[in-house]
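Here is a friendly walk through a two-chain structure, written for someone who likes to know the cut-offs behind the words. Have the viewer open as you read.

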Amino acid sequence: KMLCHFSPSGAAGSTPVKIPAGAGGSLTKLAYYSTVQHKVARVRSFDHSGKDIDNEPLYEISVQEEITARLHFIKFENTYIETCLDFIKDHLVNTETKVIKATGGGAYKFKDLIEKKLGLKVDKEDVMTCLIKGCNFVLRNIPHEVFAYQKDSDTEFRFQTNHPNIFPYLLVNIGSGVSIVKVESEDKFEWIGGSSIGGGTFWGLGALLTKTKKFDELLQLASKGQHTNVDMLVKDVYGGACQTLGLSGNLIASSFGKSTTADKEFSKEDMAKSLLHMISNDIGQLACLHAKLHNLDKIYFGGFFIRGHPVTMRTITYSINFFSKGEVQALFLRHEGYLGAIGAFLKGAEQDNPNQYSWGENYAGSSGLMSTSPDVSPLQRTRSGTFDMLEMDRLERPLVNLPLLKDPSTYIPDTVDLTDDAMARKYWLTCFEEALDGVAKRAAASQPDSVDAQERAEKFRQKYWNKLQTLRQQPFAYGTLTVRSLLDTREHCLNEFSFPDPYSKVKQKENGIALKCFQSVIESLDSLGWEERQFALVKGLLAGNVFDWGAKAVSDQWLERLKGPPHKCALIFADNSGIDIILGVFPFVRELLSRGTEVILACNSGPALNDVTYSESLIVTERIAAMDPVIHSALRDEKLLLVQTGSSSPCLDLSVAAVVAERQTDLVVIEGMGRAIHTNYYAVLRCESLKLAVIKNSWLADRLGGKIFSVIFKYEVPCK
Amino acid sequence: GAKGDQGAPCGSEGTAGGSGCAPGNRDRRRGNGLRLAPAQLFLFHPPQQFTLCLLSAVFPWFGLDIGGTLVKLVYFEPKDITAEEEEEEVENLKSIRKYLTSNVAYGSTGIRDVHLELRELTLCGRKGNLHFIRFPTHDMPAFIQMGSEKHFSSLHTTLCATGGGAYKFEQDFRTMGDLELCKLDELDCLVKGVLYIDSVGFNGRSECYYFENPTDAERCQKLPFNLENPYPLLLVNIGSGVSILAVYSKDNYKRVTGTSLGGGTFFGLCCLLTGCSTFEEALEMASHGDSTKVDKLVRDIYGGDYERFGLPGWAVASSFGNMMSKEKRDSVSKEDLARATLITITNNIGSIARMCALNENINRVVFVGNFLRINTISMRLLAYALDYWSKGQLKALFLEHEVKFLFKICLMAKYKS
């Protein structure tokens with residue numbers, strides 16, 4: 001494995017490009033850090049002095065080029081190392097320091113080639129350090145990174161919720177050989193053992209035995225073979241089970257124990273299968289012995305032997321389960337193949353302090369896990385062996401668990417797991433397919449002045465369509481499939497084709513209209529009696545949708561609460577632009593402020609559908625403050641605070657929020673379908689919470705036992 | 001054979017001493033062909049003092065260990081036969097004794113290991129020589145057939161047997177040979193056999209030995225080891241597969257784990273890779289090969305030692321790792337492949353044994369089993385690997401006799417009324 005990294009140039013205003021490259025025993029992993037120019041919609045307030053406010057739009061929308069950081073990881077076979085170096089050479093930008101950091105075996109092997117070809121001095125980094133760094137990184141940053149493999153289950157991959165505390169764990173890296181590393185903290189890890197019987201043994205010995213040259217083909221052979229023709233089983237020795245030792249007759253007594261003869265021919269498939277069992281069992285046994293010695297129960301497996309191969313994941317899982325008697329779980333990582341490359345990048349970027357950022361997987365640019373279905377696998381396997389990709393976008397702030405979550409380790413944002421629920425999956429995939437043409441049309445229409453908008457919209461349509469088809473066959477491709485991940489993937493794909501905010505104009509218009517109504521709405525609210533007003537405010541929060549007051553009983557509870565002492569501080573996650581934020585949320589905020597409750601209004605950092613963005617919320621708030629003294633003084637006195645969520649998703653994952661609830665928050669308000677129903681419907685918080693939404697989807701209404709357009713009004717008080 | 005055939009995946013917690021290891025004599029009295037009169041009895045008196053007590057004896061004394069690959073037969077040849085006995089000795093018995101003691105090969109596959117013969121041994125009050133004979137398990141039906149033709153059952157002797165085959169072939173013995181096997185518990189035999197053989201010694205020499213300076217090829221030498229205080233010890237029995245026992249006292253032991261990568265794997269892979277047909281041939285090839293052409297070493301990857309993890313450059317990073325490349329596949333010899341197979345299997349056994357020793361907190365590891373027969377390469381490597389990776393904390397011990405054979409000494413004699 002070889003990983004390199006170009007130090008960024010120090011020149012101010014320049015674009016540092018970091019290109020780490022990794023070359024494994026067989027596959028080269030090229031990781032490069034690029035700055036991506038893409039279009040973003042920006043909003044800017046007009047100077048309204050002396051202008052006819054009524055006929056001017058509220059604010060200016062401009063599409064600008066924004067530069068963001070993105071990590072790219074691709075892999076290809078080692079034989080293409082020169083092509084890889086050419087690629088690096090072509091993409092070198094502004095590198096003043098002529099040193100390339102490299103690590104691992106390949107760094108030694110290709111040192112001369114790299115130095116000659118790139119004219120850079122090779123500076124070697126330790127491969128295992130990079131691997132562990134990368135592992136810690138993905139465990140921390142990528143949701144649903146970890147999964148267990150389940151044999152004979154509808155959902156082969158069981159994704160794990162990210163645990164806030166990832167240490168300690170055992171990392172078993174099965175490359176050519178096996179390394180077993182105990183990781184105790186970010187910087188503390190120890191090589192506690194290894195074995196020479198690893199992927200190289202399977203490949204090398206397999207090639208000798210079967211004359212099959214490729215690793216993937218060997219695995220294919222193995223999946224078709226019968227090891228019992230080659231292995232000596234307990235029953236071959238005992239005639240049955242060995243009862244005195246409690247050993248089942250089908251256990252392997254001696255691997256290749258039946259091939260101890262020169263006269264018999266054995267099939268390639270059978271030998272490959274036997275070899276696979278032998279190696280998997282051996283590794284599993286050693287891993288368990290080490291786990292036992294060090295008292296660890298989390299073992300992550302990686303290395304090319306495991307990488308995306310259900311066959312080996314299955315045998316390793318079986319072996320771990322057998323040898324640990326079910327006490328240890330074999331765990332796998334979705335992005336395991338990139339750990340070294342990610343780590344090398346982080347190592348090189350240390351002066352940038354990567355902890356000040358957070359990273360999100362870009363679903364549009366990542367190829368996802370492979371299918372296990374034998375029908376799809378041969379082609380896709382070959383393809384993904386070469387073109388497997390991962391892209392991660394850098395967010396300019398760290399994301400953390402919202403401290404108000406009652407139990408971050410068990411928090412699952414999503415309400416329905418579509419990986420698990422085949423019916424729901426079919427429904428939603430169809431839903432998104434049917435809506436796709438409309439989304440593409442709207443995207444094209446949002447940029448009437450652009451000559452290629454139609455073309456890009458079509459490309460977007462095609463890309464998202466393909467993603468949906470992939471997900472139909474491989475629901476686990478990007479972790480647990482949820483409505484949120486479907487929505488996010490759509491946003492990522494839109495961005496990919498420069499449709500940063502197809503709803504910007506719609507939002508602009510609706511915000512303008514709603515603002516004009518703000519004062520009259522406030523006046524009419526103020527004219528109501530207290531109790532009536534509280535109802536009306538909540539009604540407003542539900543954005544004036546068709547309103548069926550089915551949840552009256554719950555709201556009575558809320559009313560009772562309001563009769564009590566005011567909340568200290570409310571954290572509100574806003575949903576839509578226009579009427580929703582201006583005529584729904586703001587009157588509600590105003591009421592809370594009047595009660596003496598401080599308010600933190602959290603809006604998305606980036607656009608998603610017609611959700612109000614942070615920058616839009618700034619303008620809207622400014623305009624409202626100009627009309628309303630309550631809002632005005634609250635802003636001035638910092639009783640009303642506008643923050644961004646760090647997200648660009650129509651849904652809300654509270655485990656990766658930029659919002660740190662300061663100010664003794666004792667009420668959280670979450671509104672909208674995406675945030676309160678698709679996600680967080682079951683979220684348990686430490687403080688009081690209000691979850692409000694109108695169900696605008698008949699299937700979902702049915703699922704939740706209600707009718708379409710019925711209201712979700714969940715007021716929850718934490719158990720003492 | 002025997003317990004050594006328990007490989008992976010076999011669970012880590014072997015049967016605790018006692019329960020699962022109850023002597024396998026529960027079926028002993030079944031069937032009519034068995035007479036109890038010629039029973040022999042070993043009484044084990046603590047500490048480490050074995051008194052052999054013969055209640056009554058009718059020759060021949062046989063013991064069988066029927067493993068997955070090999071059948072091991074021990075035969076006690078009485079040397080103190082009185083004239084009276086000679087007179088009484090039936091023709092059948094005489095011919096068997098002559099046949100066994102005057103030949104070193106039987107049929108095309110049976111072999112008597114003359115070098116292992118224990119001479120002038122006193123067993124159950126009788127003086128005699130103990131012979132060790134082996135033949136492949138696949139010839140077992142022929143062996144039973146021969147027993148039948150020679151009317152072995154008319155000798156009214158008890159055929160003590162252990163190993164998996166004692167179960168597998170029990171019915172064949174009964175129906176084809178009219179013989180009832182006396183099955184004995186293998187772990188029990190294994191543990192007691194080890195302790196016993198050390199107590200009697202090997203024709204005046206020490207049975208147990210170790211390699212001093214195993215990491216130094218020039219200064220390395222085989223030295224006797226005194227097993228007077230044997231506990232606790234880890235007993236690694238390498239047959240077709242491998243069984244690992246933790247022995248805390250003669251009655252307190254457990255099977256810790258096992259692996260399917262054992263002698264059968266070495267031999268099986270060698271047959272496939274080199275076309276050889278006997279274990280001896282495979283070993284002979286291995287002794288002339290160079291495994292570093294086949295294996296990828298740490299230095300092949302890192303250019304030297306991998307200092308971050310303290311891995312020396314000579315260590316094997318990937319067994320058969322060089323064979324991923326076609327050019328290298330084309331350039332290795334069969335001998336190289338045999339050597340690499342041997343090194344791979346041996347290192348792996350050493351590694352698992354070391355981890356078990358650590359987990360069980362035991363620092364003496366006794367390696368036994370047929371795999372180590374005439375296999376100095378593996379023994380030296382095990383000694384070396386254990387010493388090196390444990391930084392001198394673990395000691396590898398070996399026995400002159402394969403423990404498979406040792407079982408039978410117990411077997412022959414073990415009978416309680």
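Of the 417 residues in chain B, 61% are buried, where buried means under 20% relative accessible area, exposed means over 50%, and partly exposed is in between, with a 1.4 Å probe and protein chains only. Before going further, please keep in mind that this is a predicted model, in which local features need pLDDT of at least 70, side-chain atom pairs count only at pLDDT 80 or more, and totals for chains, interfaces and linings use all residues. Residues are numbered from 1 along each chain as its sequence is written, chains are lettered from A and ligands numbered from 1 in the order in which they are written, and side-chain values use heavy atoms, with hydrogens and water left out.

**The two chains**

Chain B holds 13 helices and 19 strands; helices (H or I, at least four residues) and strands (E, at least two) are DSSP runs, numbered from the N terminus. Chain A has 720 residues, 60% of them buried, and its secondary structure comes to 22 helices and 22 strands.

How much of the contact in each chain joins residues at least 24 apart in sequence? For chain A, residues 24 or more positions apart make up 71% of the contacts with a separation of 6 or more, a contact being heavy atoms within 4.5 Å. In chain B, 70% of the contacts between residues at least 6 apart in sequence join residues at least 24 apart.

**Where the chains meet**

Across the interface, 61 residues of chain A are in contact with 69 residues of chain B. The area buried between the two chains is about 5,400 Å², and carbon and sulfur atoms give 65% of it. Buried area here is the accessible area (1.4 Å probe) that two parts lose on being put together, summed over both. On the chain A side, W191(A), Y238(A) and T244(A) supply 12% of the area that chain A buries against chain B, more than any other three residues.

One side-chain pair crosses between the chains: S260(B) makes a polar contact with the side chain of S255(A) at 2.6 Å. A polar contact is a pair of N or O atoms within 3.5 Å; within protein, one must be able to donate a hydrogen and the other to accept it, and residues adjacent in sequence count only if both atoms are side-chain atoms. S260(B) sits in the loop between strand 15 (253-259) and helix 7 (263-274) of chain B, and S260(B) counts as buried because its relative accessibility is 0%.

Inside chain B, S243(B) belongs to strand 14 (residues 242-247). The side chain of S243(B) makes a polar contact with the side chain of R255(B) at 3.1 Å, and S243(B) is buried, with a relative accessible area of 0%.

**A pair of helices in chain A**

Two packed helices are described by the angle between their axes and the distance between the axes. For helix 5 (residues 199-210) and helix 6 (residues 215-224) of chain A, that angle is about 75° and the axes are 10 Å apart. Axes are lines fitted to C-alpha atoms, for helices over the stretch in contact, and angles run from 0 to 180 degrees between N-to-C directions. Helix 5 and helix 6 of chain A are therefore roughly perpendicular to each other, a label for angles of 65 to 115 degrees; under 35 counts as roughly parallel, over 145 as roughly antiparallel and the rest as oblique.

Which residues meet there? From helix 5 of chain A come G199(A), F202(A), W203(A), G206(A), A207(A) and T210(A), facing F215(A), L218(A), L219(A), L221(A) and A222(A) in helix 6 of chain A. The residues of this contact divide into eight nonpolar, three polar and no charged.

**Backbone details**

Most residues other than glycine have a negative phi, and most peptide bonds are trans.

| Site | Feature | Value |
|---|---|---|
| F167(A) to P168(A) | cis peptide bond | omega near -10° |
| Y231(B) to P232(B) | cis peptide bond | omega near -10° |
| E638(A) | positive phi | phi near 60° |
| F320(B) | positive phi | phi near 65° |

P168(A) lies in the loop between strand 7 (157-159) and strand 8 (169-174) of chain A, and P232(B) in the loop between strand 12 (221-224) and strand 13 (233-238) of chain B. F320(B) is in the loop between strand 17 (316-318) and helix 10 (326-331) of chain B, and F320(B) is buried, with a relative accessible area of 1%.

Notes: Ala, Val, Leu, Ile, Met, Phe, Trp, Tyr, Cys and Pro count as nonpolar, Asp, Glu, Lys and Arg as charged, and the others, Gly among them, as polar.
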